Amino acid sequence: MDTPRPAPLDWTTLAALDETAFCALLGPVVEHSPWVARRAWHERPFPHWQALYDAMSGVIHGAEDTHQLALLRSHPELAGQEARAGTMTPDSQSEQGRLGLLRLDAATVLRIETLNRRYRERFGFPFIAALRLHDSLASVLQAAEARLANDEQTERRQALQQVCEVMRGRLLQAVSPEPSTPSPTLAGTVP
């Protein structure tokens, strides 16, 4: 049975959190990489929601190559071994479940396993997509096929941007945008 997600924290409460509470709340928004929230904490104060997102995104894009690669490798594959074992984070389970990735027929599992293998062999990390930006599994698979044609540098930037888009969705669930600030847009994102 799913545990209901708590209501997003209001901006005033977020601003009052100490480092430990801030990291406990926002550490999970980047898959198995609480160091992102820990580093972003030092960029406080955040005058608005977008500044918080920008700080965390900046930490990801500005991290050393080894940290970026570890961050990318910490993400689960689409319908991969973690999904089958039920060991994905609750956020990843919810995101993959929304598009039916947790209940696939054998032919689709084989197609995704092949795609996962090809992608990991080519780039050294799993295919990452902000699934909330896709309305169907077909769209995700099409994006994966298209991104296999990228060179390594382009795909690494693309994968990091997708991590940031996953983070954007999770941040919106964790922290309410400041009332006087418009909600962050999702337009212009790349699959």
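1. E113 sits in helix α8. Helices here are DSSP runs of H or I, at least four residues long, while strands are runs of E with at least two; both are numbered from the N terminus. At 36% relative accessibility, E113 counts as partly exposed. The bands are these: buried is under 20% relative accessible area, exposed is over 50%, and partly exposed lies in between, with a 1.4 Å probe and protein chains only. E113 and G86 are 27 residues apart along the chain, and their C-alpha atoms are separated by 17 Å.

2. A word on the basis. This is a predicted model, in which local features need pLDDT of at least 70 and side-chain atom pairs count only at pLDDT 80 or more, while totals for chains, interfaces and linings use all residues. Residues are numbered from 1 along each chain as its sequence is written, and side-chain values use heavy atoms, with hydrogens and water left out.

3. Now the overall fold. The chain has 10 helices and zero strands. The radius of gyration is 17 Å, close to the 16 Å that the globule rule gives for 191 residues, so the chain is as compact as a globular protein of that length. That radius is taken over C-alpha atoms, and the rule is 2.2 Å times the number of residues to the power 0.38. Along its principal axes, the C-alpha trace spans about 50 × 40 × 30 Å.

4. Next, packing and surface. Buried residues make up 45% of the 191 residues. Take the contacts (heavy atoms within 4.5 Å) with a separation of 6 or more: residues 24 or more positions apart account for 72% of them. The accessible surface comes to about 9,900 Å², and 54% of it belongs to carbon and sulfur atoms. Accessible areas come from the Shrake-Rupley method with a 1.4 Å probe; for residues, only the protein chains shown count as cover.

5. Charges come next. The chain has 19 positive and 23 negative charges, and their mean positions are 4 Å apart. Lys and Arg count as positive, Asp and Glu as negative; His and the chain ends are not counted. Each charge is placed at NZ of Lys, CZ of Arg, CG of Asp or CD of Glu.

6. Which residues of helix α5 are buried? In α5 (residues 65–73) they are Q68, L71 and L72. They cover an arc of only 95° around the axis, which puts them on the same side of α5. The arc is that of the directions from the helix axis to the C-beta atoms. An α-helix has 3.6 residues a turn, so residues three or four places apart point the same way. The cover over the buried residues of α5 includes α3 (35–41), α4 (49–62) and α10 (152–174).

7. Check the backbone in the loops. Most residues other than glycine have a negative phi, and most peptide bonds are trans. The peptide bond from R44 to P45 is cis, with omega near 0°. P45 is in the loop between α3 and α4. H32 has a positive phi, near 50°, and lies in the loop between α2 (19–26) and α3. A79 also has a positive phi, near 50°. A79 belongs to the loop between α5 and α6 (81–85). A79 is buried, with a relative accessible area of 9%.

8. Back to α8 (residues 106–123), which also holds E121. Is E121 buried or exposed? At 58% relative accessibility, E121 counts as exposed. E121 and L52 are 69 residues apart in sequence and 34 Å apart in space, C-alpha to C-alpha.
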